[in-house]
Amino acid sequence: MKFFIDTANLDQIAEAEALGVLDGVTTNPSLMAKEGITGRDNIIKHYVDICNIVDGDVSAEVIATDFEGIIKEGEELAALHEQIIVKVPMIKDGVKAIKYLSDKGIKTNCTLVFSPGQALLAAKAGATYVSPFIGRLDDISTDGLSLIADIRQIYDNYGYETEILAASIRHTMHVIDCAKLGADVMTGPLSAITGLLKHPLTDIGLEKFLADYKKGNN
Ligand code: G3P
């Protein structure tokens with residue numbers, strides 16, 4: 001399972017990268033705004049800064065919502081750095097643009113996916129990644145994890161190579177459940193990655209090992 005971090009915060013990206021388990025980064029306009037990154041030039045520079053920190057795929061989201069605008073913006077983003085993945089929303093012109101971009105060899109991440117049918121369309125258009133937002137489904141009392149299971153089944157039935165990128169991950173159990181269901185990638189906050197480290201028996205066991213070592217080596 002690939003681990004992506006879902007943030008535009010450079011310190012958090014560097015911390016996850018230093019842990020040695022990071023495979024990429026996802027961003028979106030809200031995450032950029034949260035870090036105070038505004039204006040096209042600053043946003044472009046920030047994408048390149050992220051690429052220079054992490055060794056892996058970096059999703060950069062288009063703002064345009066019409067076919068011509070999406071492909072123009074997508075081609076510009078893709079030209080920024082070889083690690084850039086063009087993130088395109090699941091709308092009609094987005095599907096057309098994903099097909100166009102993937103035919104040109106540009107990698108894409110189809111975002112804002114909330115149903116198996118949308119995921120099927122993304123795969124047929126040739127998306128590199130599909131991003132089902134499981135946390136936002138959970139937020140409205142809908143089972144986000146069952147969407148991951150449905151997409152896994154559909155993609156396996158037909159051998160689609162589009163990778164399932166479980167997005168809107170909120171906590172460690174989302175990560176574990178998505179891994180059990182066969183999601184190819186998860187993207188979430190740093191806490192969902194570092195939270196996997198924690199177990200009280202690990203802490204208690206280590207404390208005892210170190211205390212016993214001290215007793216025998218005084
Ligand atoms: O980046 C897309 C997705 O992960 C957003 O997550 O927490 O805003 O629902 P969230």
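A salt bridge is here a side-chain nitrogen of Lys or Arg within 4 Å of a carboxyl oxygen of Asp or Glu. In the predicted model, contacts of this kind link Arg40, Lys72 and Glu76 in a network. Twelve salt bridges are present in the structure. Side chains of opposite charge can pair when their charged atoms come close.

Three further salt bridges illustrate the range of sequence separations. In the pair formed by Lys45 and Asp49, the side chains meet with an N to O distance of 2.8 Å. Both residues belong to helix H3, which spans residues 40-53, and they are four residues apart, about one turn of the helix. Asp49 is classed as partly exposed because its relative accessibility is 23%.

Glu75 and Lys104 form another salt bridge, in which the closest N and O atoms are 2.8 Å apart. This pair links distant parts of the chain, 29 residues apart: Glu75 lies in helix H4 (residues 67-80), whereas Lys104 is found in the loop between helix H5 (92-103) and strand S5 (108-113). Glu75 is partly exposed, at 28% relative accessibility, and Lys104 is also partly exposed, with a relative accessible area of 49%.

A salt bridge also joins the side chains of Arg152 and Asp184, with an N to O distance of 3.2 Å. Arg152 is located in helix H8 (residues 144-158) and Asp184 in the loop between helix H9 (172-181) and strand S8 (185-188); the pair therefore ties together parts that are 32 residues apart in sequence. Arg152 has a relative accessible area of 14% and is therefore buried, whereas Asp184, with a relative accessible area of 25%, is partly exposed.

Aromatic contacts were examined next. A pair of aromatic rings is described by the distance of the centres and the angle of the planes. The structure contains five aromatic pairs. In one of them, the ring centres of Tyr155 and Tyr160 are 5.8 Å apart and the planes meet at 75°, so the arrangement is edge-to-face. The rings of Tyr158 and Tyr160 have centres 6.1 Å apart and planes at 40°, and this pair is therefore tilted. Through such ring pairs, Tyr155, Tyr158 and Tyr160 are linked into a cluster. In a contact between a charge and a ring, Lys96 lies over the face of Phe67, at 5.3 Å from the ring centre.

The surroundings of the ligand comprise Asp6, Asn28, Lys87, Phe133, Arg136, Ala167, Ser168 and Arg170. Among these residues, Asn28 places a polar side-chain atom 3.0 Å from an oxygen atom of the ligand. The side chain of Lys87 has an N or O atom 3.4 Å from a ligand oxygen atom, and for the side chain of Arg170 the corresponding distance from an N or O atom to an oxygen atom of the ligand is 2.9 Å. On its own, the ligand has 310 Å² of accessible area, of which the protein covers 83%.

Methods:
Residues numbered from 1 in each chain as written. Predicted model: local features only at pLDDT ≥ 70, side-chain atom pairs only at ≥ 80, totals over all residues. Heavy atoms only, no water. Phe/Tyr/Trp six-rings, centres within 6.5 Å; stacked < 30°, edge-to-face > 60°. Lys NZ or Arg CZ within 6 Å of the ring centre and 35° of its normal. Helix = DSSP H or I, 4+ residues; strand = E, 2+ residues; numbered from the N terminus. Buried < 20%, exposed > 50% of the residue type's maximum accessible area, 1.4 Å probe, protein only. Near = heavy atom within 4 Å. Polar contact = N/O pair within 3.5 Å; in protein donor to acceptor, adjacent residues only side chain to side chain. Areas by Shrake-Rupley, 256 points an atom, 1.4 Å probe, with all protein chains shown as cover.
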